[in-house]
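Hi,

Here is the structure I promised to pass on.

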Amino acid sequence: MRTFTSYLRVLFILTIVFVMAEFFIDSGDVPAFIKYPQVSLFLALFAVLLIGLEVMIGAMNSLTNALSAERAMEQKKENDFAWFKNIMAKLWDTAPMEKEAEIIMDHNYDGIQELDNTLPPWWKYGFYASILFAIIYMVRFEILGADNQIVELEKEVAAATIAIEEYKKTAKDLIDANSVVQLTEVADLEAGENIYNTTCVACHRIDGGGGIGPNLADDHWILGGGIKNIFNTISEGGRSGKGMVAWKQSLKPSEIQQVASYVMSLSGTNPADGKAPEGDIWSDDNTALE
């Protein structure tokens, strides 16, 4: 008894039985269920019976609904995978078990018999596809002379190398001593001068005439002149134990290029009281790094 309808049904039937008992049983002015206790007992037992029947009907309905839902779920699963089963059946194309007797071969090996099944369609289609691929491959690479994987790799590596070199030309902080060029723009030289005034004047003087370090305004160079050698000296440092420290940890490659270009602009300025020349005269910047 889970619904309001069940309660109404029990109450309605019980009311009908009660009215019929009062109508057919002659009890005078006193109600029958009071005058005759048997009537009250009957009505009580009848009510219990009705309630029991309603409970049984409700349980059967619930069980029926549960079985129907389970059956519907199973049917739905079968429908959901029907397309897959159909595809697999077409791909394998095997004879059903009830027809295996028709394709059993004559030879018998110790009771083991062989079925004369045809090749599965997926195998045949795959074989045909491999033949078609082989023909296309042969025509493309052996007849038309298309690039094979090795040639394609070599071309891609060459293109990537060119792209890297082009990128290095515009990426200021990827330059090194081999790719650096002298800067002549006023903004770059001013930036180099600012770096020089911050990091170099203590050893080379504000005018480049030299102090602890060598004179930067003459044509003599200890580790080689020119933009490439000057860049390398600033980046890697001077002579071991007595030269300048390496600035590559403190300055970016673009900043080293700027200060090296500024140092080159000091050549020939002949500052007063400049330090005596050291090293060799440098005249050609196109030679290799010293």
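Let me start with the second largest pocket: 17 residues line it, and K168, K169, K172, I175 and Q257 are the ones nearest its centre. A pocket here is an open set of points on a 1 Å grid over the protein atoms alone, where a 1.4 Å probe fits and protein lies on both sides within 12 Å along at least five of seven lines; lining residues have an atom within 4 Å of a point. Before I go on, this is a predicted model, where local features need pLDDT of at least 70 and side-chain atom pairs pLDDT 80 or more, while totals for chains, interfaces and linings use all residues. Numbering runs from 1 along each chain as its sequence is written, and side-chain values use heavy atoms, with hydrogens and water left out.

Back to that second pocket. Its volume is about 330 Å³, taken as the space filled by probe spheres set on the grid points, which are joined across faces, edges and corners. Helix 6 (149-170) gives the most to the lining, with four residues. By class, the lining has six nonpolar, five polar and six charged residues (Ala, Val, Leu, Ile, Met, Phe, Trp, Tyr, Cys and Pro are nonpolar, Asp, Glu, Lys and Arg charged, the others, Gly among them, polar). Helices are DSSP runs of H or I with at least four residues, strands runs of E with at least two, numbered from the N terminus.

The largest pocket holds about 620 Å³ of space. It has 30 lining residues, with H204, G213, P214, T233 and M244 nearest its centre. Helix 9 (226-236) is the top contributor, with four residues. The lining splits into 16 nonpolar, 10 polar and four charged.

Next, N215, in the loop between helix 8 (201-204) and strand 3 (220-221). N215 is buried, with a relative accessible area of 9% (buried is under 20%, with a 1.4 Å probe and protein chains only). A polar atom of its side chain lies 2.7 Å from the backbone nitrogen of A217, and one lies 3.5 Å from the backbone oxygen of G209. Leaving aside residues up to four places away in sequence, N215 touches G208, G209, G210, H220, G274 and K275 (heavy atoms within 4.5 Å).

Y109 stands opposite I112, and D110 in the two-residue turn has a positive phi of about 50°.

Cheers

Notes:
Buried means under 20% relative accessible area, exposed over 50%, partly exposed in between (1.4 Å probe, protein chains only). A polar contact is a pair of N or O atoms within 3.5 Å; within protein, one must be able to donate a hydrogen and the other to accept it, and residues adjacent in sequence count only if both atoms are side-chain atoms. Two strands pair if DSSP finds at least two bridges between them.
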